[in-house]
Amino acid sequence: MKYIPATPAEREHMLGAAGVRRVDDLFRDIPAEVRLRRPLDLPAPLADPDLLAHLRELAERNVDCDRLACFLGAGAYDHFVPSTVPHLALRPEFLTAYTPYQAEIMQGELQAIYEYQTMMCELTGMEVANASMYDGASATGEAASMAADLTKRREVIVSTAVHPEYRQVLRTYTSHLPITVRELPAIDGTTPIEAARAAITDETAALIVQSPNFFGVIEDGEALAQAAHEHGALLVVAVAEPISLGMLRPPGDYGADIVTGEGQALGNALNLGGPYLGVIATREAYVRRIPGRLVGRTVDTGGRPGYVLTLQTREQHIRRAKATSNICTNESLNALIAAVYLATLGRQGMAHVAELCARKAHYARERIRGVPGYALAFDAPTFNEFAVRCPVPPEEINRQLLEHDILGGLPLGRFYPEYRDCWLLCVTERRSKSEIDRLVDHLEGLR
Amino acid sequence: MSAPEALAFSAATGKRPIPVIFERGTPGRVGYSLPASDVPDAPLDAVIPATHRRASPAALPEVSELDVVRHYTALSHRNFSIDEGFYPLGSCTMKYNPKINEDAARQAGFARLHPYAPEETIQGALELLWELEHTMAEITGMDRVTFQPAAGAHGELTALLMINRYYEEKGERRGTVIVPDSAHGTNPASATFAGYKVIEVKSDRRGNIDLGALTSVLTPDVAALMFTNPNTLGLFEEQIVEVARAVHNVGAQLYLDGANFNAILGITRPGDQGFDVMHLNLHKTFTTPHGGGGPGAGAVAVRSHLSPFLPVPTVERDAQRFTLDYNRPKSIGRMRAFYGNFGNLVRAYTYIRSMGASGLREAAEMAVLNANYLLARLRPYFDVPYDRVCKHEFVLSGRRQRDRHHVATRDMAKRLLDYGFHAPTIYFPLIVEEAIMIEPTETESLQTLDAFVDAMQAIVREAETDPELVLSAPHETPVTRLDEVAAARKPDLRWRPARPSVSSRA
């Protein structure tokens, strides 16, 4: 077994040193009645060439986005990944390291995460960002208990224009806590300001919205922040498509108190939904309540700058039952991927990629609304996703498009029965004009 | 081996600070390549109204591609990894991460799948998930497995919420979770996060849970005992059968923290030991790389009475195909978006298929033999607070060195870095003074273990003859000990451009 180096002679030598005769002697502390008396019933081991062939065969049974023109988004985005990302972020020095507990030999990881935290602050317009969370949904779930703690209030209000799976996680995360989750119904694909104002009371810890929201609509962040702050509630803004921040006003700019998000779009592969990158950022005043790890800059005994995990008294390994969260392992490598992506794209590239997405989505949106029978579901500003009302069930459209190697959008009826005839399309910078035109041509024939 | 010979990694990189990436570039420089827009021009205000646009671009780095390459290459040289050297970090199972796992997972046919792609286009992926679930069920002796949790602690929370729902369904209110005093910090944190009161139970002199103390707190209010077996002392809980009986006698659930599963693969199964629910860290036992802190992958395995409460969706198989089942009315709901850290699940599956039943058992046997060998070789130099046959790891105490030479465990750990090794886990578990927790794993050779013993011996000798050398270690690393107090007192958590000084403005 190539992963186990000890030879029979070495094993004998080691057994002797350990003072036993057989390996079995090392397991005598396991009560006989719970020992497994047979080999595990598993498929026979495969040698490397057969193993790779098997995995290739499984992979080929899927139809991946290299073989399709992808118009599907809804929380996972098909963006171009520069070659720097896999070549640098997946270097084994980063890939096969553990959490940087021994800072002196982990300065590379720590500095990279410090820089990542800085980039997240720049993108979101917030003052502090942590080292990562599991994903956008769980980060949003944790933001609810963070807000409840900070405000000493027990109710959160969440717009139904927030990703349905994020809302599900929010409910699961709070189901057993003294936190009530109330949903605020979106109207015309948008979180209604007046209804929000009416719903928020002195009992409300936070208003949770997403922007661009699940329907692709850019919310009026400023008005929502005002509505929340009027009653001392916090505004939590979830950003599921962070490429939008290359172009859109950052939530910190319009008064968000906590920004959560999904960082997948920043250089991470689609990976059938994970591993992804949970983002959480907030105001400096709230830093001692933020969940998860933080990297800080300090100096060593010689006065040289260096980096450490800091404010660890918030965390489970020190505080145990009193920690701000139970998170331990996070998504550091995905944060590093995002950092390499953002460094490569840089100041100009992030603006460029965002504008490409917006322009292509705008073109697709205008063309599709011109197809007889199709209409925009909501008349509101969008970034790279928009909902279309269709004359044919969206599931049926998708079936037909797939035959032409097009991965269609999300049928909204999956989460919103009232929008059974609506279809959520996403257009990233990867989609060419000719692919968009091909999509529209097929729709012309599907009425 | 003398210290300087082991220092290739730090000597190569020197001690000069690496500027942050923001300081590297210059305004106007770019490192990316994207095409111009190929769609007809529209006024930008028509595309996105000005009120929604940011006033200026995000202040990201302005660097060339080579700047990016040099920066992250330099940072990577300042990172210790399994691929670099021995990583005896107890409780973390830092075993070799096979390269073939990476090749398998990075195929476009897995890495480029959209989570909402139609089921008929992801049949290979669903088959892998289904097979992996059934494999894990066999390995653990449990009935069903979810892979939704992103990490071990996430799995703990998932399991506790399922237990919560289980009792709710039965109309019972139970508000307490018991954890041993040797438990991982995540156990009590997860229990609190799940809304439970936590009671801690002490360990006995053999390093087992104190059965008497446990029995005295087992009341009808107890929902679960969160138990680690082998425990964090690296010892198998010899009274596991009695513990399971006692827990079940009050109608509570027995939960296994499976962080230490590497020790018992193919030897004993939690389901057969009486556990009702458990989590596994695929990034420990099943070789998925830890990525400098994550991503991990947690799996939660349950006996059938808890399976109705698993998160949605589950993967099911009918005659023709694999499907995702969302129609599970008793489910706790979701723990995250989508299905789990799929990329890591491909890696874990690849590992298991390469090892087979015999390989997994051999891994456990060698992990345990390596640990017992190291324990035997280090026993003359350190106090061993619970001295019996260990499993995959063991815990020494540095109190002899502290009492005689005023050299603490922390100092010896830092000195190990000078010898080119990662330090063991230290000051954990909390019940051992000056704890040094060592887990060699099965993938390390006898020669590596011997070199580590030599380094530990040398450090013990240094503590006696030249304590200052150890107290001020590390010496050969890119930075020396860092001021953690200053870091926490005045947190500097993000880079900011230096304000132009008066002289530079002049």
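In helix 4 of chain B, the buried residues are D67(B), V68(B), H71(B), Y72(B), L75(B) and S76(B); a residue is buried if 20 or more other C-beta atoms, placed from the backbone, lie within 10 Å of its own. They lie on the same side of helix 4 of chain B because they cover an arc of only 160 degrees around the axis, the arc being that of the directions from the helix axis to the C-beta atoms. An α-helix has 3.6 residues a turn, so residues three or four places apart point the same way.

The model is predicted: local features need pLDDT of at least 70, side-chain atom pairs count only at pLDDT 80 or more, and totals for chains, interfaces and linings use all residues. Residues are numbered from 1 along each chain as its sequence is written, while chains are lettered from A and ligands numbered from 1 in the order in which they are written.

Helices are DSSP runs of H or I with at least four residues, strands runs of E with at least two, numbered from the N terminus. The buried residues of helix 4 of chain B pack against these elements, together with helix 2 (21–24) of chain B:

| Element of chain A | Residues |
|---|---|
| Helix 3 | 84–89 |
| Helix 4 | 92–95 |
| Helix 5 | 107–124 |
| Helix 11 | 332–369 |

Chain A comprises domain 1 (69–80 + 347–444) and domain 2 (84–340), with bounds from an automatic or database domain assignment. In chain A, 24 residues of domain 1 are in contact with 24 residues of domain 2, contact meaning C-beta atoms, placed from the backbone, within 7 Å. Helix 11 of chain A gives the largest share of the domain 1 side, 7 residues.

Definitions and conventions
A residue is buried if 20 or more other C-beta atoms lie within 10 Å of its own, exposed if 12 or fewer, and partly exposed in between; C-beta atoms are placed from the backbone. Two residues are in contact if their C-beta atoms, placed from the backbone, lie within 7 Å.
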